[in-house]
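Biologist: I want to learn how to read salt bridges in a model. Where do we begin?

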Amino acid sequence: MESENKENVIKVEPTNNDSGGDNSKSKQDNSDKPAPDKSTVLAVLQLLRKYNLKGTEEILRKEINLSDIGISEPESEVSSVLSAYKSEGDPNIYEESYSDLKKFIEGALDIYKHELGMILYPVFVHMYLELVYNSHESQAIRFMEKYGRDQEDYYQDDVKRLSQVTKKDHMKGNELTDTFKSNEFIIRMSRDTLTILKRHLQDKKQSILLNIIQEHLYFDMYEGVARNKQQIKATAGSMVGEATRQDNKAKVFYGMLKEPDIQYVPLEEDDEAGEGGGEGGDKPKKKKAKKDPMFSKKPKSDPNAPPVDRMPLPTLKDADKIEKIKAMREATKRVTLGPECLPSICCYTLLNANHTVTCAEISEDSSTLAVGFSDSIIKVWSLMPQKLRAMKSAEQLQDIDQEAEDVLARIMDDRNAETSRVLLGHSGSIFNVAFSPDRTLLISCSEDATIRLWSLLTWTCLVAYKGHMFPVWDVRFAPHGYYFASAACDRTARLWATDQHQPLRIFTGHFSDVDCVQFHPNSNYVATGSSDRCVRLWDCVTGNHVRLMTGHKGPIYSLAFSVDGRFLASAGQDCRILLWDLAHGHLVAELTAHTQTIHTMAFSRDGNILSSGSLDCSVKLWDFTKVTEEMNLEDVNVSHNPDIKKDSEYLLRSYATKNSPLLCLHFSRRNVLLAVSMYDSSL
């Protein structure tokens with residue numbers, strides 16, 4: 001592959017006390033040099049002579065005052081530099097060079113061996129691509145057959161896709177090859193390990209290997225002891241390596257927003273709704289005592305909460321306030337969960353819908369269920385005794401007093417109430433649906449690359465948002481309403497507002513499909529999970545990514561934020577749940593018990609329990625309180641290699657369904673766990 005010749009210095013991000021390290025020094029030296037390296041000049045002159053560019057050759061000789069130099073210099077010196085320029089060359093050297101690198105790593109001390117081993121995969125990929133690019137097809141295939149199976153298990157899917165690229169034309173527009181060609185592979189490495197690698201490369205003088213490492217690898221160097229195999233494996237697996245420390249430096253306001261206007265309104269309502277008799281006066285006082293602690297969790301002085309005006313959020317309408325009051329009342333009756341008090345679980349199983357149901361979602365107040373189907377239909381069911389009503393006709397609405405207190409009830413027509421309703425409009429499989437917080441709207445995304453906004457008052461489509469170019473995999477409403485986010489096959493996630501046709505933000509940075517998206521509880525951030533095996537956190541205000549988290553070994557299909565906003569859980573095809581501390585982007589725990597892809601997770605309303613549902617037809621409950629209590633967050637935030645919790649004791653209970661993979665999990669306001677599954681008789 002064509003590439004520029006550089007000094008034999010590996011790119012490294014210096015640590016804070018490096019004061020620039022070797023890189024800054026070498027840059028300074030370059031600016032002071034009056035002439036380039038002699039061997040480089042010889043290589044250029046030889047190229048010019050080869051192509052009979054005599055005029056240019058003479059100008060170059062005069063320009064650098066080297067007219068006395070002949071080309072009859074030692075061939076070895078010239079050819080070693082030329083190898084960085086020419087696109088042909090001996091294709092058999094690649095195999096020999098890679099074999100030497102493997103032997104060097106296998107013979108290294110155990111303390112450094114595992115960190116050194118991280119360069120094997122990216123070097124293998126780029127050597128293969130160079131062979132293909134330079135039309136050495138048979139050597140490329142042989143190289144792939146010999147070393148492809150040696151790569152880590154979690155890279156085997158990419159290696160398989162890579163093996164199908166055997167000609168230069170195959171590389172054009174290929175997602176995987178484009179990613180490797182245009183992005184450096186990030187490797188976190190200790191200073192000692194990097195020194196050993198540099199010394200080996202300088203001793204060997206293997207231009208092919210050195211060139212690949214200089215051009216396509218980026219070493220994020222840190223001070224301290226080299227990481228062991230377990231620590232490396234915990235964060236390895238991403239398509240382009242690990243996150244650099246710089247990726248996770250930005251401050252994240254993970255705290256919860258203060259909502260002072262709701263603090264007092266519920267108390268007034270409770271006074272009015274006193275349940276009669278002499279006890280009426282006492283009950284509100286008891287409720288007040290219970291409610292105060294909820295708000296004391298979000299003090300004004302919380303340094304981690306975003307400023308209230310940081311992101312414009314919709315003002316609460318009267319109907320919203322009434323709903324908040326209702327939610328607060330429900331919260332006072334909530335069961336506090338824990339190891340000794342597990343939630344009751346109610347599972348809704350969809351029958352006779354094998355291979356046609358694609359997604360399911362339950363509204364925040366647990367009153368409504370929406371299900372998407374592969375034949376582009378969305379069906380909505382009421383989970384309450386009350387049926388789904390529609391608004392009255394325009395003629396009937398004219399007679400209603402708009403100033404009446406119960407105007408919202410008056411505009412609904414009881415005569416056309418039904419237990420379920422169908423929404424038609426998409427022209428492809430439905431991939432996800434989401435309710436707005438006030439339950440008046442439903443949003444859906446589809447294979448047809450559109451997002452549709454539906455009114456649950458008129459049961460009609462209000463808007464079709466067109467921006468994504470390929471199927472849209474996921475869509476979510478913000479906890480405060482008005483905004484929603486989408487994730488698609490076009491490798492982008494987008495932030496939208498319900499009243500605007502165009503996206504407000506386009507989040508780009510993933511190297512493959514963005515499979516899932518989730519809003520932070522304070523609505524200021526959006527998390528995305530991708531087939532590139534990375535989790536990213538995006539700032540809705542600036543549009544920048546503020547956290548990059550690597551460690552998954554397969555596509556990520558489910559995300560869930562903890563109730564306090566501090567932690568993020570991610571899960572997917574690798575059957576593992578990873579817990580991340582958003583303060584610094586560190587992986588703090590790994591929960592493994594599922595045997596198949598995890599598609600849904602939910603935190604209990606009190607934040608004590610994390611539930612997960614999988615295609616292995618089971619629901620598992622995890623003791624999240626125990627996980628957070630046992631991690632020392634002070635150590636996590638200063639350490640490069642925090643201890644990752646893996647204790648199986650965190651699993652509280654596993655519940656099996658009857659041949660029914662889980663589609664959705666949802667905790668009600670009183671901490672009842674609602675599950676939606678689909679019966680599959682073939683399992």
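Modeller: Begin with the criterion. A salt bridge is a side-chain nitrogen of Lys or Arg within 4 Å of a carboxyl oxygen of Asp or Glu. Keep in mind that this model is predicted.

Biologist: How many salt bridges does a search of the whole structure find?

Modeller: The search finds 28. Take R669 and E323: their side chains meet in a salt bridge, 2.8 Å from N to O. R669 lies in the loop between β31 (662-667) and β32 (673-678), and E323 in helix α16 (residues 318-332), so the pair ties together parts that are 346 residues apart in sequence.

Biologist: Are R669 and E323 buried or exposed?

Modeller: R669 and E323 are both buried. They also belong to a network of salt bridges, which links them with E364, D365, R439 and R605.

Biologist: Which helices hold K146 and E95?

Modeller: First the contact: the K146 and E95 side chains form a salt bridge at 3.1 Å, N to O. K146 sits in helix α8 (residues 137-147) and E95 in helix α5 (residues 92-106); the pair links distant parts of the chain, 51 residues apart. K146 counts as partly exposed because its relative accessibility is 45%. E95, at 15%, counts as buried.

Biologist: Now a local case. Where do K113 and D110 lie?

Modeller: Both lie in helix α6 (residues 110-116), three residues apart, about one turn of the helix. K113 is partly exposed at 25% relative accessibility. D110 is exposed, with a relative accessible area of 57%.

Terms used: Residues are numbered from 1 along each chain as its sequence is written. This is a predicted model: local features need pLDDT of at least 70, side-chain atom pairs count only at pLDDT 80 or more; totals for chains, interfaces and linings use all residues. Side-chain values use heavy atoms; hydrogens and water are left out. Helices (H or I, at least four residues) and strands (E, at least two) are DSSP runs, numbered from the N terminus. Buried means under 20% relative accessible area, exposed over 50%, partly exposed in between (1.4 Å probe, protein chains only).
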